[in-house]
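Look at the sequence and model first.

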Amino acid sequence: MSPIADPPLLHVSDLKVHFPLPRPHPFAPQRTVHAVDGVSFSLPRRTTFGIVGESGSGKTTTALAVMQLITATSGSIELDGTDLTTLSGESLRRARRRFQMIFQDPYSSLNPRTRVGDIVREPLDLMEVGAPAERADRVTELFRRVGLRPEQLALFPHQFSGGQRQRVGIARALASRPDLIVCDEPVSALDVAIQAQTLNLLVELQRDFGLSYLFISHDLRVVQYLCDQIAVMYLGRIVELTDRNSLFAQPLHPYTWALLSAVPGASGGSRQRVRLQGDPPSPIMLPRGCRFAGRCPFAEERCRREEPQLRQVAGGRSVACHLVTDSGEAPHHALPADADSPV
Amino acid sequence: MSLIAPDLNDADKAVDMPAPAASPARDAWRMFRRNGSAVAGLVILAAFLLMTLIGPKLYPVDPFDIVSAPLSPPGEEGALLGTDYLGRDITAGIVNGGKVSLAVGLIAAALTMTIGVTVGALAGFYGGMVDRVLMRLTEVFQVMPPLLLAMAIVTIFSPTLWSVAVSIGIVSWTSSARLTRAEFLRIKGLEYVKAARSIGARNRRLIWRVVLPNALPPLIVSATLTTGVAILFESGLSFLGLGDPNLMSWGRMMGGNRPYMLDAWWAATIPGVAIFLTVLSISLIGDGLNEAFNPRLRER
């Protein structure tokens, strides 16, 4: 990652989101779901930061915590130097115009009882953006900008297709002229042709409005298309954080390597398919050492004993694995390119 | 090596303009109209309402006046539906008694929904401690036998139309509170509620303008059925002699004429049929609304 003179727009440090489970009886030990367990990253202005991971890795929880829609247990989330976790009530409500969200499911993210024109207008009214007289024009302009027609303003969400609904959601997120847009799997509910259009729209909007995206996805191809930097999450932690090209050219963490090899058509630096055994461990009873050790084909004694921390290796990349050397050599690099999975 | 081909021909935009905006409420009304028994219920209820509103003017006989010999059979001695044990005109009782039943039913249902929706909405939306306190309170009311509690309230305050309606409201709000809470728990996790919060909606707006409108369909059904139950309750209280002594009501007519059931079946049966038809029509409307609002039932 090249050094950037501008301070980052978003700086998340040591973010933790833990959910206490209800106790079966008052003397039972408190059990906790470690949904996000110490995540740090920075998002430079006008760039896209991707977070990938499988279900339960904590990527959506991270997004919701950044959006202040769930409360962070600890850590800080600084947007332009203001720590959002310290805001509450009216000050948080007023700050919200600077960060908005595009949701995963275009069917449940629009209130079925509100006309789409009102859905896009609401952020302007609620956060008092612009003069009231100009808001109707602004809504029409937003509609045009996302590829909808102004005569559709009076329709209800159920009268639109999935792709059109997602455009309404994008217009709503743009309405308050935010700096940061958190995209939580914005295309995973759409079919492939519509996915491409929606992604292209997001790219155009980023260019035209100077937006910064925090982009959550489980789809590596989408992330590869859109993101400048990518963090791979596994069970609440970032296991690898690097720029797009080096991640896809040569993944360092064995988990990233396995993930990339599962993408049909993606080379991912190696041709063999790696099939991981088993499921991730429970986020309630975390293993002692590396969280991935139980499924890692290269795991050693040390991996099961000591949890690896995210550290910088050669090329400005960061990885949390004992077996990756400081010069950026990973255990799977030594494997022959066309070998079968060693697992 | 982008794997996603930039697709510039925007097929998604070319979807035809849908029909002019049809609101969810209008859709529900269209479904309701197709339901024969629901429409029958609506017609019966409308007939009773009409009778209650303009009947006393068309048939200006005081229901407390003695018009003929006691227990005259219907059609004889000049009384269309006969007379009761004191010689009072049953037709006049039916025409005037509906006012009490319907008024108490509507007031009690309104009170039930007001208390129930408020308690359920706050409990479901805020959760945690608020939820625990409100739900324990709800349980306190649920474990008391409703008719006995209503009787106690009515006897403490003198029995008037209002005290009867309020007592019924107080004993029956718990189920609508539970229903509202369940709907709030379901809806508050949906993305459009998160979206509303992220665009700056305050809690008050989230509760009353975002979540509640989407929770309404089952609540409307519940309010309808509650009206029917409240009418039965009022009849029960009047039957036991705890109605407003200055007003004639169907329950009171049944209760008073009950000892003469074997000699004069009409005196207790006719007001009973009136109660039955009113409550049945309301239930049919409730079922019709339920089907109209429930997309899963629509396909059948």
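The report covers the model, then a sheet, then a pair of helices.

## The model

This model is predicted: local features need pLDDT of at least 70, side-chain atom pairs count only at pLDDT 80 or more, and totals for chains, interfaces and linings use all residues. Residues are numbered from 1 along each chain as its sequence is written, while chains are lettered from A and ligands numbered from 1 in the order in which they are written.

## A sheet in chain A

Eight strands of chain A form an open, mixed sheet, in the order β6-β7-β8-β3-β9-β10-β12-β11. Strands here are DSSP runs of E, at least two residues long, and helices are runs of H or I, at least four, numbered from the N terminus. Strands pair if DSSP finds at least two bridges between them. β6 (99-102) and β11 (311-313) of chain A stand at the edges with a single partner strand each, so one side of each has no neighbour in the sheet.

β10 (residues 237-243) and β12 (residues 317-319) of chain A pair in the antiparallel sense over two bridges. There, E240(A) stands opposite V319(A) in β12(A).

## Two helices in chain B

Helices α7 (residues 174-188) and α9 (residues 203-239) of chain B have axes that come within 9 Å and cross at roughly 160°. Axes are lines fitted to C-alpha atoms, for helices over the stretch in contact, and angles run from 0 to 180 degrees between N-to-C directions. The crossing angle makes α7(B) roughly antiparallel to α9(B) (angles under 35 degrees count as roughly parallel, over 145 as roughly antiparallel, 65 to 115 as roughly perpendicular and the rest as oblique).
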